[in-house]
Amino acid sequence: STLAPGQVAAPVRLVDPGVAPLLHAGDSVDVLAAPESPTGSADATTSIARVVASGVRVLAVPAPSSAQPHAGTLVVLAVSRAQAQSLAGAEAGGRLSVTLDPA
């Protein structure tokens, strides 16, 4: 897939490895970030997810690495530069997941 003017391809690691079969190039998704506690688990007191990028297009879902089978799902998204910055910051500080847009 090609990128629209002003877009970049952003690789993002989603927390759930089981989401890979659900995603396909061309899908529209919202990316959600849930904060992670210092111990590496979701913090129940602040685990309300926030939308980091809305209505972004999936460019690719690479095959999972056999070296790291439980490392989540890598997905490449077409996003603006500002969304790419938000995604990188959210990925560094939390757990990312997606919702599929049926449109």
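Analyst: The account below goes from the whole chain to the sheet, and then to individual residues.

This is a predicted model, in which local features need pLDDT of at least 70 and side-chain atom pairs count only at pLDDT 80 or more, while totals for chains, interfaces and linings use all residues. Residues are numbered from 1 along each chain as its sequence is written, and side-chain values use heavy atoms, with hydrogens and water left out.

The protein chain contains one helix and five strands; helices (H or I, at least four residues) and strands (E, at least two) are DSSP runs, numbered from the N terminus. Read from the N terminus, the order of elements is β-β-β-β-α-β. Of the 103 residues in the chain, 30% are buried, where buried means under 20% relative accessible area, exposed over 50%, and partly exposed in between (1.4 Å probe, protein chains only). The chain exposes about 5,900 Å², and carbon and sulfur atoms supply 57% of that area; accessible areas come from the Shrake-Rupley method with a 1.4 Å probe, and for residues only the protein chains shown count as cover. Among contacts with a separation of 6 or more, 73% join residues 24 or more positions apart, contact being defined as heavy atoms within 4.5 Å.

The five strands form an open sheet with the order E1-E4-E3-E2-E5 and antiparallel pairing. Its edge strands are E1 and E5, each of which pairs on one side only. Two strands count as paired if DSSP finds at least two bridges between them. In general, strands of a sheet pair through backbone hydrogen bonds, either parallel or antiparallel. Neighbouring strands here are turned by 45° against each other on average, direction ignored; axes are lines fitted to C-alpha atoms, for helices over the stretch in contact, and angles run from 0 to 180 degrees between N-to-C directions.

The individual pairings can be followed across the sheet. E1 and E4 are antiparallel and share eight bridges, and Val12 stands opposite Val75 in E4. Helix H1 packs on the sheet, touching E1, E2, E3, E4 and E5, and its direction makes about 145° with that of E4. E4 is in turn joined to E3 by three bridges, again antiparallel, with Ala78 in E4 as the bridge partner of Arg57. E3 and E2 pair in the antiparallel sense over five bridges, and Val56 in E3 is the bridge partner of Val29.

The largest nonpolar core has 20 residues, and those with the most contacts inside it are Leu14, Val29, Val31, Leu77 and Leu87. Such a core is a set of buried Ala, Val, Leu, Ile, Met, Phe, Trp, Tyr and Cys residues joined through side-chain atoms within 4.5 Å. Among the elements that give two or more residues to this core are strand E2 (28-35), strand E4 (73-80) and helix H1 (81-93).

Val29 lies in strand E2 and counts as buried because its relative accessibility is 1%. Val29 and Gly55 are 26 residues apart in sequence, yet their C-alpha atoms are 5.3 Å apart in space. Beyond its neighbours within four places in sequence, Val29 has contacts that include Leu23, Val58, Leu77 and Val98. With the same exclusion, the contacts of Leu77 include Val8, Val12, Val31 and Leu87.

Ser28 is also found in strand E2, and its relative accessibility of 18% is why Ser28 counts as buried. Leaving out residues up to four places away in sequence, Ser28 touches Gly55, Val56, Thr99, Leu100 and Asp101.
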